[in-house]
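User: I have a structure open and would like a short tour. Can you take me through it?

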Amino acid sequence: MTNRRSRTGNPRPHELPHYQALLDDTDWASLATACGTGEALPTAPASILNPDPAVRAAATDNALRQVTHQNTLYGATVPVALFVAAILDHPAIATVGFGRDADTPPHHPTLVRLLEWLSDTAYDADDECAAISERHVSEGFFQEDREMRAFRDLRPAIFSAVHALLGHDNTDVHDAALVAAIPLAEHPAITAHRAELADHVRCLLATSTDRHNRDRVLDAMKAWGHDITDLENADDIAARQRYARLKAERESWWAADGTGGYSEDPPF
């Protein structure tokens with residue numbers, strides 16, 4: 001698989017910088033992370049490409065943990081996201097991790113782990129989150145809003161790398177790529193891909209029992225105006241009803257000024 005890339009830190013909408021250029025040319029010390037500044041951050045991303053699965057898994061967790069906390073995008077989140085997208089087809093992670101050399105539990109194969117992180121980050125910057133951020137800009141959320149805007153502007157470039165993995169012959173990789181592609185496809189430049197993604201969704205729903213993935217793709221189909229009646233199974237319906245009940249309980253609790261309680265913990 002190939003992606004068009006340039007060695008600049010400011011790619012055109014559908015291009016990714018080369019991963020080494022991102023490491024070398026980014027002023028990491030000037031960027032915020034969940035733990036301070038990103039001065040030492042490049043060490044961990046570089047080690048994601050280590051041929052040793054244990055080193056690779058530890059480096060992945062270390063790098064992503066520094067730029068991910070409580071659904072917040074930091075200054076260093078955007079270049080790390082670009083780096084992650086730029087290495088999705090790197091031989092160090094693209095051709096290993098699915099057989100006897102797989103990363104051992106509790107870690108997924110690195111490729112799946114990176115896709116899941118891109119997915120979570122894309123959902124933290126989706127249209128719903130952006131609307132919430134817009135409403136709170138005047139209340140001190142400008143920093144998060146600025147980084148969210150930067151990530152949202154680069155969604156086509158990240159999508160180009162994720163999209164290439166929809167043809168992967170490993171089901172876990174395919175499904176993780178699909179769930180990551182869905183929020184990225186909110187960008188106006190790539191909404192035309194939704195019809196293709198819907199076909200992949202139907203394939204996932206016909207084979208997967210993963211509750212998280214099924215919820216994500218069913219929500220997308222509903223948002224895109226598809227009738228999901230024939231796509232849901234009994235577990236999907238039960239989960240949807242439970243979520244609706246918990247949402248109603250949460251809204252009732254807030255309406256009572258937080259003096260009530262839940263029969264179950266809400267899915268915050």
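Analyst: A term to begin with: a polar contact is a pair of N or O atoms within 3.5 Å; within protein, one must be able to donate a hydrogen and the other to accept it, and residues adjacent in sequence count only if both atoms are side-chain atoms. At the start of H12, a side-chain oxygen of Asp210 comes to within 3.1 Å of the backbone nitrogen of His212. Helices (H or I, at least four residues) and strands (E, at least two) are DSSP runs, numbered from the N terminus. The model is predicted: local features need pLDDT of at least 70, side-chain atom pairs count only at pLDDT 80 or more, and totals for chains, interfaces and linings use all residues. Residues are numbered from 1 along each chain as its sequence is written, and side-chain values use heavy atoms, with hydrogens and water left out.

User: How many helices and strands are there in the protein chain?

Analyst: The protein chain has 13 helices and four strands. Of its 268 residues, 46% are buried. Buried means under 20% relative accessible area, exposed over 50%, partly exposed in between (1.4 Å probe, protein chains only).

User: Back to H12. Which residues of H12 are buried?

Analyst: Asn213, Arg214, Asp215, Val217, Leu218, Ala220 and Met221 are buried in H12. These buried residues pack against H10, H11 and H13. Just after H12, Gly225 has a positive phi of about 90°.

User: How do the axes of H12 and H13 cross?

Analyst: The axes of H12 (residues 211-223) and H13 (residues 234-255) come within 11 Å and cross at roughly 80°. The two helices are therefore roughly perpendicular to each other. Angles under 35 degrees count as roughly parallel, over 145 as roughly antiparallel, 65 to 115 as roughly perpendicular and the rest as oblique. Axes are lines fitted to C-alpha atoms, for helices over the stretch in contact, and angles run from 0 to 180 degrees between N-to-C directions.

User: Which residues meet there?

Analyst: From H12, Arg211, Arg214, Asp215, Leu218 and Lys222 meet Asp235, Asp236, Ala239, Arg240 and Tyr243 of H13. By class, this contact of H12 with H13 has three nonpolar, no polar and seven charged residues. Contact means heavy atoms within 4.5 Å. Ala, Val, Leu, Ile, Met, Phe, Trp, Tyr, Cys and Pro count as nonpolar, Asp, Glu, Lys and Arg as charged, and the others, Gly among them, as polar.

User: New topic: H10. Why is H10 described as largely enclosed?

Analyst: H10 is largely enclosed by the rest of the structure because 12 of its 14 residues are buried. Among them are Val173, His174, Asp175 and Leu184. At the start of H10, a side-chain oxygen of Asn170 reaches to within 3.0 Å of the backbone nitrogen of Asp172.

User: And Arg152, buried or exposed?

Analyst: Arg152 counts as buried, at 18% relative accessibility. Arg152 sits in helix H8 (residues 142-153), and its side chain reaches the backbone oxygen of Ala125 at 2.8 Å. Not counting residues up to four places away in sequence, Arg152 touches Ala125, Asp126, Asp127, Ala130, Glu186 and His187.

User: What about Glu196, where is that?

Analyst: Glu196 is in helix H11 (residues 194-207). With a relative accessible area of 29%, Glu196 is partly exposed. Leaving aside neighbours within four places in sequence, Glu196 is in contact with His163 and Leu166.

User: Last one: what covers the buried residues of H3?

Analyst: The cover includes strand S3 (32-33), helix H2 (43-47), helix H4 (77-86), helix H5 (91-94) and helix H6 (110-124). The buried residues of H3 include Arg56, Ala57 and Leu64.
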